[in-house]
Amino acid sequence: MAIDWLLLVTFVPASLALNLTPGADMMFCAGQGLRAGPAAAWRASGGVALGGLIHATVAGLGVGSLVAAHPGALQAIRWIGAGYLLWMAWQILRAEAAGPDLRPARPFRDGLLVNLTNPKVILFILAFVPQFIDAAAPLLPQFLLYGAVLSLGGFVVNGLAGALAGLAQARLSGQGVWLRRVSAGIFALLALRLVLGERS
């Protein structure tokens, strides 16, 4: 695929500005950092980034337009995502004083699932990326390229936000109960935000 470098150079700062805007992904990674430290935050950010790349692939294949055209499908995805976030919050609150289950794959898996069940991501990609698409060139490679740029920027920004929260967690290690409550509260607020997004 011949790359339109002018479009790509224009896309990079625009995508970085969007990545720097605080949102659900950043809050999720911060919650993981508070819960389990910087390493978990980076794994969560990796899961979120992979989810964004999957969304871009789906959009490039044209499936995203079909999903966006069927509100029932979007509503189902939204409720699944909200339910999963509430389940995570409950699991954190149920954790024993010794701490939560920190199996290495879990933050990555949670980040991936939270991103994939947020229908606003694919709607955003469908609204934002086509502004930089060359209609005369194959669409899927372009969606993959721009999706990769978005995901890479998001991985770095969200990972750093989560790592900073993780450093705060390390300094406040004696306040484990409160940190778990704050982390659970973040996930519950994200679930509420996802549900209320249905009305917007």
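Visitor: Why is Arg109 called partly exposed?

Guide: In this predicted model, Arg109 has a relative accessible area of 36%. Buried means under 20% and exposed means over 50%, so Arg109, at 36%, is partly exposed.

Visitor: What makes Arg109 and Asp110 a salt bridge?

Guide: The closest N and O atoms of Arg109 and Asp110 are 3.1 Å apart. The cut-off is a side-chain nitrogen of Lys or Arg within 4 Å of a carboxyl oxygen of Asp or Glu, so this pair qualifies.

Visitor: And why is Arg106 with Asp110 called a salt bridge?

Guide: Here the closest N and O atoms are 3.9 Å apart. The limit is 4 Å, so Arg106 and Asp110 also count. By this rule the count comes to two salt bridges, and Arg106, Arg109 and Asp110 are linked in a network.

Visitor: How do you know that Arg106 and Asp110 are separated by about one helical turn?

Guide: They are four residues apart in helix α6, which spans residues 105-116. An α-helix has 3.6 residues a turn, so residues three or four places apart point the same way.

Visitor: Moving on to helix α8, why is Leu164 called exposed?

Guide: Leu164 lies in helix α8, residues 139-171. Its relative accessibility is 59%, and exposed means over 50%, so Leu164 counts as exposed. The C-alpha atoms of Leu164 and Gly33 are separated by 7.5 Å, although the two are 131 residues apart along the chain.

Visitor: What makes the nonpolar surface patch?

Guide: Met27, Leu189, Leu192 and Leu196 make it, with an area of about 350 Å². Helix α9, residues 176-196, gives the largest share, three residues. Met27 is found in helix α2, residues 24-36. A patch residue needs over 30% relative accessible area; Met27 has 32%, so it passes that cut-off.

Visitor: How do you know that the span of α3 is close to the expected one?

Guide: Helix α3 has 23 residues and reaches 33 Å from its first C-alpha to its last, against 33 Å expected at 1.5 Å a residue. Gly62, with a positive phi near 95°, follows α3.

Conventions
Residues are numbered from 1 along each chain as its sequence is written. This is a predicted model: local features need pLDDT of at least 70, side-chain atom pairs count only at pLDDT 80 or more; totals for chains, interfaces and linings use all residues. Side-chain values use heavy atoms; hydrogens and water are left out. Helices (H or I, at least four residues) and strands (E, at least two) are DSSP runs, numbered from the N terminus. Buried means under 20% relative accessible area, exposed over 50%, partly exposed in between (1.4 Å probe, protein chains only). The expected span of a helix is 1.5 Å times one less than its number of residues. Patches are made of residues with over 30% relative accessible area and no salt bridge: like charges are joined within 9 Å, nonpolar side chains (Val, Leu, Ile, Met, Phe, Trp, Tyr) within 5 Å. Accessible areas come from the Shrake-Rupley method with a 1.4 Å probe; for residues, only the protein chains shown count as cover.
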